[in-house]
Amino acid sequence: MKYNLLFEPMKIGNVEIKNRIVMAPMCMGFGQYNGCATQKMMDYYEERAKGGAGLIFTEITRINDITGASSYGQLGMSHDYQIPALREMAQRIHKYGCKIMVELHHPGRQNLGLMIGTVPICIAGNKLLGNLYTKILTGAVIPPGKKLQDKDLVPRVVAPSKCEKSKMSESVNRPLCVKEIKKLISQFVEGAVRVKKAGCDGVELHASHGYLIQQFLSPYTNRRTDEYGGSLENRMRFLCEIIDGIRKNCGPDFPIVVRLTVDEMYDRIGQKGRGYNLEEGLRIAKILNDKGIDAIDVSSASYDAFNYWLEPTTFACGWRKHLAQAVKSVVDIPVIAANLIRTPEQAEKQLEQGIQDFVSLGRPLIADPYWPEKAYSGNEKLIKHCVCCLYCFESMMENAYKYSHGHCSVNPFVGRESVALKYNGKGRKILIVGAGVAGLTAAQLLAKRGFSVTVLEKEHQQGGQLNLAEKPPHKGKLSWVCGDLLENALQCGVEIKFETTATKEVIDSYNPQIVITATGGNAVHPKAFTGNNICTVTEILNGTVKLENKNVAVIGSGMSGLETSEFLIAQGNRITIVEMADKIAPGAWFQHVDDAMPVLEKAKTKFYTGYKLTEVTDKEIIVERLKDNQKLTIDADFVVLSMGVKPDTSLYDEIKNSSDYKVYNIGDSVKTGRIADATESAYQLVMRI
């Protein structure tokens with residue numbers, strides 16, 4: 001398919017972008033305390049420029065070190081000493097005909113109290129102690145600091161006015177005084193001046209996702225009664241004065257883009273009437289258009305309605321395209337939008353329909369930096385698609401406390417862009433058992449290294465555990481992972497043999513020099529619970545057991561338990577969930593839980609936390625409360641066990657001591673985990689063979 005519009009040039013202001021593909025701003029934590037771009041950050045962005053993006057927006061870039069630093073590994077434009085490194089990064093991006101604009105940002109109430117005032121201390125500590133300071137910070141300072149934060153014993157974060165805590169950050173806030181507001185306006189302007197001096201092509205002001213600029217726009221977070229609050233004109237004053245200052249100091253030809261939440265979407269989380277909706281969002285967009293900005297980057301929501309700006313896998317591609325289309329109807333400047341676009345076909349269609357002018361790809365370019373080049377060259381089937389698993393954001397947030405960076409489930413080279421695969425396989429034979437995530441990842445990478453790779457898979461298709469994970473409602477994107485891996489492995493010359501059970505005799509017949517077992521795992525089914533009305537989540541999801549109009553007790557509330565419950569609800573069953581921990585889905589990322597719970601609650605699912613299963617009868621289960629051993633009887637026609645997965649090491653154990661070939665074990669057959677664990681396991685093995 002030809003993508004005529006997708007690869008047609010278009011201008012933002014007077015800057016021509018070579019195509020309509022924009023890399024969205026995403027903080028991944030490749031920076032350092034002082035805010036200067038690191039080599040790892042430059043490698044990361046350069047790889048996306050090399051892969052064909054027309055414009056790159058950098059991650060959130062701080063303009064204030066005291067209240068405005070969101071991460072220890074964040075880019076900064078708060079000091080002149082940060083200019084040279086940004087200039088080097090811009091030059092590396094420009095080599096590929098790609099433009100770069102810097103997203104200026106302040107978190108406001110969505111910051112962590114733990115971050116207030118700590119960055120200058122970290123900069124000084126790092127200068128004095130080097131890497132030792134990081135060990136002290138992450139080992140001895142942050143853990144007790146997080147406990148103090150939980151008790152609100154840390155400095156208050158700033159906001160336009162005092163209001164409720166923000167979801168996820170949950171830090172107490174205080175109102176900014178007018179003097180502080182004026183200072184922040186100056187710091188945004190000074191940041192833009194530094195961006196221009198660094199040779200970048202423009203700036204984007206982050207007025208979205210509930211950060212400070214949007215907090216001024218929203219009547220929910222801006223309850224001021226002075227010139228910066230009240231009417232829409234007053235609530236827009238903070239943003240408008242920043243724009244005026246940038247125009248005055250950077251000139252009319254330096255592009256200004258505003259990333260704008262046009263609908264806070266509180267109604268989607270049952271809080272209708274809070275904040276502003278699309279109608280007022282369009283008024284904001286029109287005022288910005290008339291003020292002379294150069295483009296609007298359309299987005300939605302905030303931390304309070306998290307899943308409506310950073311979607312989990314259940315959300316349909318293009319679900320919020322109506323927002324961009326509405327903005328295009330009231331402005332005459334380019335409209336940029338993400339709209340959960342995952343394929344070149346979808347991107348081209350939305351351009352053809354006039355929904356937007358530029359396609360913003362965030363997570364898709366983390367997953368595959370060469371998404372644009374593959375589409376342009378007609379190799380769309382080789383794109384490794386983002387499946388919205390949220391691991392990039394989750395890992396970034398968790399690793400921020402360790403002064404490290406985010407990762408990607410399907411791309412183990414994120415943060416390793418400078419790592420090259422050695423081409424030294426010399427045709428040596430490798431046999432891989434299992435065409436799941438780990439097996440296919442290893443197969444592709446080893447083939448790229450010049451090995452002769454054959455994969456044996458006992459089933460009729462690739463996928464392994466993901467063939468179960470994609471069965472619950474709206475989880476179909478997960479099937480993309482192994483489909484993409486299969487296409488890439490085949491393109492690299494890997495031979496795949498389906499419906500082939502790997503016994504020792506079969507393996508020996510191939511005369512391999514190396515054997516890799518990637519045989520996955522099996523659902524845990526304790527011997528204490530057997531009977532005609534008991535099964536595991538595997539048997540439900542693979543269709544071995546079909547239940548309709550039953551009272552079903554699901555034992556275990558991890559994401560497998562919750563998603564299997566959704567599957568059973570769709571079949572017309574009534575669900576009771578029993579969990580030993582004190583809360584539902586212990587250890588699961590909150591966005592996945594937030595996504596599943598409304599479905600379960602709407603179906604009147606019953607939840608019992610702090611209980612363990614002790615007995616199963618034909619029509620009931622007996623559970624015991626852990627804190628006092630009190631027993632409870634619950635009606636249940638059928639019991640579904642969601643107690644985790646145990647590695648299947650049977651084949652590995654049989655052949656691991658072979659003298660004819662080296663044997664390695666990877667993926668879930670070593671330790672059960674997530675997609676990211678499987679790809680990382682494969683990567684680590686490939687790099688050491």
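Where is the place of tyrosine 403? Tyrosine 403 sits in the loop between α14 and β14, the strand that covers 429-433. Before going on, a reminder that this is a predicted model.

Staying with tyrosine 403, its phi is near 60 degrees, which is a positive value in a residue other than glycine. On accessibility, tyrosine 403 has a relative accessible area of 24%. Buried would need a value under 20% and exposed one over 50%, so at 24% tyrosine 403 is partly exposed.

Next, cysteine 388. Here too phi is positive, at about 60 degrees, and cysteine 388 is not a glycine. Its place is in the loop between α13, residues 371-376, and α14, residues 391-400. Is cysteine 388 buried or exposed? With a relative accessible area of 0%, cysteine 388 is buried.

The last one is arginine 320. You will find arginine 320 in the loop that runs between β11, at 295-299, and α10, at 321-328. Arginine 320 counts as buried because its relative accessibility is 5%, and the cut-off for buried is under 20%.

What surrounds arginine 320, once its neighbours within four places in sequence are left aside? The residues in contact with arginine 320 are then Ser299, Ser300, Tyr308, Trp309, Glu311 and Asn339. For one of these, serine 300, there is a polar contact as well: the side chains of arginine 320 and serine 300 are joined at 3.1 Å.

That is the list. I will take questions now.

Notes. Residues numbered from 1 in each chain as written. Predicted model: local features only at pLDDT ≥ 70, side-chain atom pairs only at ≥ 80, totals over all residues. Heavy atoms only, no water. Helix = DSSP H or I, 4+ residues; strand = E, 2+ residues; numbered from the N terminus. Buried < 20%, exposed > 50% of the residue type's maximum accessible area, 1.4 Å probe, protein only. Polar contact = N/O pair within 3.5 Å; in protein donor to acceptor, adjacent residues only side chain to side chain. Contact = heavy atoms within 4.5 Å.
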